[in-house]
Amino acid sequence: MNITILGAGSIGSLWACHLANAGHNVSIWSNKPEKSETLLILDNQNPKRFITNSVLQLKSADVILVTVKAWQVKGAISALLEHLAPETIIVFMHNGMGTMDDLPVSLYEHPIVLATTTHGAYKPSQNSICHTGFGSTTLGGYNNLGQRCHFLSDVFENALPSVTWSDSINKALWDKLSINCVINPLTAIHQCLNGDLLQEKFSTLVVQLVSEICAVRHAEKFEINSDVLLTSVHQVISATAKNHSSMQQDISHKKITEIDYINGYLCKVAQRHGISVPTNQELYSQIKNIEQSWS
Ligand code: PAF
């Protein structure tokens, strides 16, 4: 298939390499217009070259995999829409929720697929990618056209397993969001490793966050029991104990975080239902204050 990756950060680059290894014609679209080629080295593999910023590749793309940060999604995809064929499938893969709420209407003429992944990767330099943790990926249709793209799970599975198709992608997105609402702001504020959150001093905060998240999920009809969520938060913390979360890295590099689409999204939904979420609200404000202090 002809696949263009929009956003060659760590997750985008990881998929670019694996999809190319699986035999697909992969190109990259980057925010550096002067670039015509991207060299990527995944772990100890041989370097791979990807055609970059080619309108020709965009026009023939079967799939656009959008892996930019949540707050970059609208600007990045809007700029490409005029070049895409109507049947091009657009797959969004990022942390957080709420990005679909304000995208241009013409986007909905395309099959839209949402994806969430638990693979861990980081880029120690511009061209190299370390795959730090094997995880799994879930795909699911967002609109009617997207719901017919079930076959994509085989395409992705052949490239980087394991991949499943979900008929209720929002449930998978809420599961990931719930984990991110706990791990990301705490590790970013305290500038610590994910594993440090197992310390006793964080336990009350973690329980409060989990209970607020469960209340909002109940109102949204994506119920989860608080003990079940607490256990899965602890499992992810343990499995990624030596990792720096994406938000910890963003804050340490003074980059805008995805907080508006993580705890910010949870607070927005909570407000709509008249539910009070003071702990999430407090962490949201703390991250916003850190971001604002840079300007
Ligand atoms: O954003 C991240 O870093 C990851 O989604 C997670 C699961 C918190 C692990 O670091």
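A polar contact here is a pair of N or O atoms within 3.5 Å; inside the protein, one atom must be able to donate a hydrogen and the other to accept it, and residues adjacent in sequence count only if both atoms are side-chain atoms. Keep in mind that this is a predicted model, where local features need pLDDT of at least 70 and side-chain atom pairs count only at pLDDT 80 or more, while totals for chains, interfaces and linings use all residues. Residues are numbered from 1 along each chain as its sequence is written, and side-chain values use heavy atoms, with hydrogens and water left out.

Let's start at the ligand. An N or O atom in the side chain of Asn95 sits 2.8 Å from a ligand oxygen. Asn194 brings a polar side-chain atom to 2.9 Å from an oxygen atom of the ligand, and for Asn184 the corresponding distance is 3.1 Å. Of the 280 Å² of accessible area that the ligand has on its own, the protein covers 85% (areas come from the Shrake-Rupley method with a 1.4 Å probe; for residues, only the protein chains shown count as cover).

Who else is around? The shell consists of Asn95, Lys176, Asn180, Ile183, Asn184, Asn194, Val236, Ser245 and Ser246, where being near a molecule or strand takes one heavy atom within 4 Å of it. By type, that shell splits into 6 polar, 2 nonpolar and 1 charged; Ala, Val, Leu, Ile, Met, Phe, Trp, Tyr, Cys and Pro count as nonpolar, Asp, Glu, Lys and Arg as charged, and the others, Gly among them, as polar. Helix H6 (residues 169-190) supplies the largest share, 4 residues. Helices (H or I, at least four residues) and strands (E, at least two) are DSSP runs, numbered from the N terminus.

Now zoom out to the annotated domains. UniProt, in an unreviewed entry, has "domain: Ketopantoate reductase N-terminal" covering residues 3-143. Its positions are given in the numbering used here, feature names are shortened, and annotations may be inferred rather than shown by experiment. That span is 34% strand and 16% helix, with its end C-alpha atoms 20 Å apart. The unreviewed entry also places "domain: Ketopantoate reductase C-terminal" at residues 169-291. Over residues 169-291 you get 68% helix and 0% strand, and the end C-alpha atoms lie 31 Å apart.

Next, have a look at strand E3 (residues 37-42) and its partner E4, which run antiparallel over 4 bridges; two strands pair if DSSP finds at least two bridges between them. The two form a hairpin with 5 residues between them, and Asp43 in the turn has a positive phi of about 45 degrees.

Buried means under 20% relative accessible area, exposed over 50%, and partly exposed in between (1.4 Å probe, protein chains only). In E3, Thr38, Leu40 and Leu42 make up the covered face, while Glu37, Leu39 and Ile41 make up the uncovered one.

Strand E7 (residues 112-117) holds Thr117, which counts as buried because its relative accessibility is 8%. The Thr117 side chain makes a polar contact with the side chain of Thr137 at 2.9 Å and reaches the backbone nitrogen of His119 at 3.3 Å.

Most residues other than glycine have a negative phi, and most peptide bonds are trans. Asn53, in the loop between E4 and helix H2 (55-59), has a positive phi near 60 degrees, and Asn53 is buried at 15% relative accessible area. Gln191 has a positive phi too, about 45 degrees; you'll find Gln191 in the loop between H6 and helix H7 (203-219), partly exposed at 35%. As for the peptide bonds, a cis one joins Pro161 and Ser162, with omega about -5 degrees. Ser162 belongs to the loop between helix H5 (152-159) and strand E11 (163-165).
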